Amino acid sequence: MTRAELDKDPRDVAAMFDTIAGRYDLLNSVLSLGRERHWRRAVVNAVDAYSGELVLDLAAGTGTSSESFARRGARVIACDFSLGMLRVGALRRGGASRRGVTVVAGDALNLPFADETFDAVTVSFGLRNVNDVDRALAELLRVTRVGGRLVICEFSHLPVRPLDRLLGRGMEIGLPLVARGFSDNPDAYAYLSESIAAWPDQPTLAGRLQEVGWSRVAWRNLTFGVVALHRAHRER
Ligand SMILES: C[S@@+](CC[C@H](N)C(=O)[O-])C[C@H]1O[C@@H](n2cnc3c(N)ncnc32)[C@H](O)[C@@H]1O
């Protein structure tokens, strides 16, 4: 079965998500024991999109979060390079541009949008899969208008290191086991635990955001740091 490795070769990553697209949202709900809904609510509140704003949901996958921003009245571009993921979402909504969400195929490292296009840009559980995080953060900055904002939602690390390692070990064993019962590609869920273990902790990611040029960077932990929300602004 297709799975990505930690080099995050874009072809492997896109192909892996294509294979799991059909049951992606179901698996999220099962593997997070329902916490995913709470995390997504926190993202919607952090993005705080209002009527008429234009929001980029990058690495949007099936567009589950995109739909929540649109329900608040924002116009949402759901951009991803897995056509399989985009297709599942578009079918669910009844078209490629429906219910306030328009899907656009695109790569985070070379976004198909003009400078300063969006009021807010956001990435949920996507940045970890990109093979050049700094370049993706710079691209996000480029397409955000001055005064606009960024919200990143990503799996992260518990502040108590031994507990974090224990959780990581549990996920390494548990995720592929559970995925075997539900997913067409359980190997993809081995990649999930490996990529979370290798992902930078909250302060490190905040530092990288600052280095790229984002301002007023802050983060908060959800579910004790299993997930973290990073927020930042474009000031110039
Ligand atoms: C775990 S899914 C997250 C989907 C969605 N944001 C969510 O919250 O459910 C990660 C997504 O990142 C996308 N992705 C990874 N690297 C990408 C890149 N370089 N450009 C665009 N999308 C990318 C994958 O195709 C996949 O749909």
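**Tour: sheet, helices, ligand shell**

Select β1 (residues 54-58) and β2 (residues 75-80): five bridges join these parallel strands. Strands here are DSSP runs of E, at least two residues; helices are runs of H or I, at least four; both are numbered from the N terminus. Leu-54 sits opposite Arg-75 in β2.

This is a predicted model: local features need pLDDT of at least 70, side-chain atom pairs count only at pLDDT 80 or more, and totals for chains, interfaces and linings use all residues. Residue numbers start from 1 along each chain as its sequence is written.

Now show the whole sheet. It is open, with eight strands in mixed pairing, ordered β3-β4-β2-β1-β5-β6-β8-β7. Strands pair if DSSP finds at least two bridges between them. β3 (97-98) and β7 (215-222) are the edges; each has a single partner strand, so one side of each lacks a neighbour in the sheet.

Next, select α3 (residues 35-47) and α4 (residues 64-71). They pack at about 45°, axes 10 Å apart. Axes are lines fitted to C-alpha atoms, for helices over the stretch in contact; angles run from 0 to 180 degrees between N-to-C directions. Pick out Arg-40, Val-43, Val-44 and Val-47 in α3, which meet Thr-64, Ser-65, Ser-68 and Phe-69 in α4. Contact means C-beta atoms, placed from the backbone, within 7 Å.

Finish at the ligand. 21 residues surround it; the closest are Ala-59, Gly-61, Ser-82, Ala-108 and Ser-124. The cut-off is a C-beta atom, placed from the backbone, within 6 Å. α1 (10-20) and α4 each give two or more residues to this shell. α1 supplies the largest share, four residues.

Conventions: Two residues are in contact if their C-beta atoms, placed from the backbone, lie within 7 Å.
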